[in-house]
Amino acid sequence: MNTPLKRGMVLRHQNHLFIVSDFHERHTGRGRPNVHVALRDLIDGHQVDRTLDELTPVVEAEYTYRQVQYLYHQSDDYIFMDAETFEELKLSKTLIGSFTPFMLEGEAYRVMFVEGRPVRFDAPDTALLHVSLTAAPSH
């Protein structure tokens, strides 16, 4: 399969930003094989299925990852500081997702930026938790 796709690649298609979740080649009895691509919208998270022919030409979007430090919570926004520029950055609860209860002030996290705006928050695979209350042993 000679495709210009990679998992994790950021594409621009129909004025939306997508990340390639998966792709595979399907062979039919006749004709040439179809490459089916699973995409996830970076803004709203919806899954989309397309063929490579529908995506052609493949337009890769430029992106960068930056380290940010969590500072504090303000209504539905979470305030971070860019580790390189020391600028404050507001991220919404919807962008961060379900990791918000586990965030610690002062901790560093990774955020994907496309065209200068944050589009994806990378939560760590593990979170350090502290047990503060437990039931008495029943011996």
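The side chain of aspartate 82 reaches the backbone nitrogen of glutamate 84 at 2.8 Å. The model is predicted: local features need pLDDT of at least 70, side-chain atom pairs count only at pLDDT 80 or more, and totals for chains, interfaces and linings use all residues. Residues are numbered from 1 along each chain as its sequence is written, and side-chain values use heavy atoms, with hydrogens and water left out.

Aspartate 82 is placed in strand β6, residues 77–82 (strands are DSSP runs of E, at least two residues, numbered from the N terminus). Aspartate 82 counts as buried because its relative accessibility is 4% (buried means under 20% relative accessible area and exposed over 50%, with a 1.4 Å probe and protein chains only). Apart from neighbours within four places in sequence, aspartate 82 is in contact (heavy atoms within 4.5 Å) with Arg66, Gln67, Val68 and Glu87.

Two loop residues were examined for backbone phi. Most residues other than glycine have a negative phi. In asparagine 15, phi is positive, near 60°; asparagine 15 lies in the loop between β1 (10–13) and β2 (16–26). With a relative accessible area of 74%, asparagine 15 is exposed. Glutamate 115 has a positive phi near 55° and lies in the loop between β8 (108–114) and β9 (117–122). Glutamate 115 counts as exposed because its relative accessibility is 63%.

Methods:
Helix = DSSP H or I, 4+ residues; strand = E, 2+ residues; numbered from the N terminus. Polar contact = N/O pair within 3.5 Å; in protein donor to acceptor, adjacent residues only side chain to side chain.
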